[in-house]
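Take a look at the structure below. How do helices pack against each other, and how is that packing described?

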Amino acid sequence: MEVYHIFKDLAIIILFSKIFGILARKCKAPQVAGEIIAGLIIGPCVLGLVQQTEFLSGMAEVGVILLMFSAGLETDLKELLKTGPIALAIACAGVFVPLVGGTLLYMAFYGTGNIGSDHFYKALFIGCVLTATSVSITVQVLRELGKLKGKVGTTIVSAAIIDDVIGIIVLTVIIGFKNPAADSAKVGINTLLFFGLSFVLGFVIYKIFKKLDKRYPHTRRITILGLAFCLGMSFVAEKYFGIADITGAYVAGIILCSLKDSEYIAEKMDINSYIFFGPVFFASIGLKTDISNFTMDILWFSIGFVLVGLLCKIIGCGLISKLFKFSWNDSLKIGVGMMTRGEVALIVAQKGLAVGLLAPEYFTSIILLIIVSSIATPLILKLLFSKDKEEPVTAS
C-alpha cells in the first residue's frame, strides 16, 4: 500500500467520526457510539472506504493509551479515600456479579467447556467485558442532575473508578492465564510486582514532577514529560511484566493525578485524543466489527448480554449498598448509576480481540449494551432522584 493512502484513510475516519459523533449527541446518545457507527459504515461491512491496516491498528493502540492515561489523571484520590470502604465493597460486587453473570451467559449459549480450556477463557472474558463502568458517562449524568457532590453521587463515582481498576486487573490476569505458556503463579506474582514497583516508582516520580510543576507551572514541558512517562509505563507493563499496556497507562495517570497541573495535562491529552487518536480508536472498533457472520444466535445472545449487563450491576451494587444502610431508593440509584458502559468496555473488548478471546461479531453486542445503558441510565436516575422530595434520604 502506498504511503499516501494513509492520509486518505485518516481523512475519511476523522470526517465521518465527527459527523456521526454530532448526530449521536443530537440523538442523546454518547458521541463514541456515533464514532463506532462511523467505523461500521466506512468499513468493509457497508461502504468499504477504509480497510483495517497495521498502521491504523497502531494509531488505535495509541488512542487507547491516551484514553486510559486521561482517565487516571482525572481520578480524585481524596474523594476516592473519603468513601473508601463502602465504594470498594460496591466496586467488588460490581465486578464479581457481572463477571459471573457474563460467564454463565456465554456457557448457557455455547456450552460449559473444561476449566482452563480456550472455551472457558472466552466465557470468562465475556464476563470481564461486563465488569467495566463508564466513569465519564456517569459523571456527566450526575452533573446534569446536580447530584455529583452528594453522598450517593460521590459513592457512585468512587465505586466506578475502583470498579475499572479491578476490572483492568481481572483483564490482565485472564489474558495472562489464557497464554498456554503462562504459569498461573507467575502471572499473579508479576501482577503484584508491577503494582509494587508502581507504588515505589510512583512515589519518586510524583516528587520529581511536583518539583518540576512548582518550577515550571502550567507549561507544555510538564505535559510532554507526563506523556513520556505514560508511554514508558505502558511499555514496561507489557514488556517486562506481561501486563496489559493500558494498565501501565492508567497507573501513570493515577500517579500524576494529584499534581496541581494534572487537569492541565489531561486537557492537553484530551485535545490529541478528541481530534485525532480518539476517533481513530473508536472508528477502528467499527472497522473490525464483522457482521457477515451475524446470526440469530448472535442476536439472541446480544439481547441476553444487554439484560445481564444491566441487571448484574443493579443487583450486585444495589444490594451491597443496602447492606451499608442506604435506603432502597438510594441503593437503586447506585446500582443504576453503575450500569453505564463506555470507553473501558471497548478497550477491554479491543484487547480481547487482539489476543483471540473475542470474535469480531460480538462487538455488536457490546455496542448495543453501550447505547442502551447510556440512554437508559439518565432516564432512570432522573426518575429515582425525583422521588427524593417524597421520600427522605436515609443513608448514614
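This is a predicted model: local features need pLDDT of at least 70, side-chain atom pairs count only at pLDDT 80 or more; totals for chains, interfaces and linings use all residues.

## Describing a helix pair

Two packed helices are described by two values: the angle between their axes and the distance between the axes.

## Helices α1 and α2

Helix α1 spans residues 5-26, and helix α2 spans residues 31-42. Their axes come within 7 Å and cross at roughly 135°. The two helices are therefore oblique to each other. The crossing of α1 past α2 is right-handed.

Which residues of α1 and α2 make the contact? From α1 come Ile12, Ile13, Phe16, Ser17, Phe20, Gly21, Ala24 and Arg25. From α2 come Gln31, Gly34, Glu35, Ile37, Ala38, Ile41 and Ile42. By class, this contact has 9 nonpolar, 4 polar and 2 charged residues.

## Helices α3 and α10

Helix α3 covers residues 54-73, and helix α10 covers residues 220-241. Their axes come within 11 Å and cross at roughly 110°. That makes α3 roughly perpendicular to α10. This crossing, too, is right-handed.

On the α3 side, Ile65, Leu66 and Phe69 take part. They meet Gly226, Leu227, Cys230, Leu231 and Ser234 of α10. The contact has 6 nonpolar and 2 polar residues, with no charged ones.

## Ser262 in α12

Ser262 is found in helix α12, residues 262-288. Is Ser262 buried or exposed? Its relative accessibility is 7%, so Ser262 counts as buried.

The Ser262 side chain reaches the backbone oxygen of Cys257 at 3.1 Å. Leaving aside residues up to four places away in sequence, Ser262 touches Leu73, Leu256 and Cys257.

Key. Residues are numbered from 1 along each chain as its sequence is written. Side-chain values use heavy atoms; hydrogens and water are left out. Axes are lines fitted to C-alpha atoms, for helices over the stretch in contact, and angles run from 0 to 180 degrees between N-to-C directions. Helices (H or I, at least four residues) and strands (E, at least two) are DSSP runs, numbered from the N terminus. Angles under 35 degrees count as roughly parallel, over 145 as roughly antiparallel, 65 to 115 as roughly perpendicular and the rest as oblique. A crossing is left-handed if the near helix is turned anticlockwise from the far one by less than a right angle, and right-handed if clockwise. Contact means heavy atoms within 4.5 Å. Ala, Val, Leu, Ile, Met, Phe, Trp, Tyr, Cys and Pro count as nonpolar, Asp, Glu, Lys and Arg as charged, and the others, Gly among them, as polar. Buried means under 20% relative accessible area, exposed over 50%, partly exposed in between (1.4 Å probe, protein chains only). A polar contact is a pair of N or O atoms within 3.5 Å; within protein, one must be able to donate a hydrogen and the other to accept it, and residues adjacent in sequence count only if both atoms are side-chain atoms.
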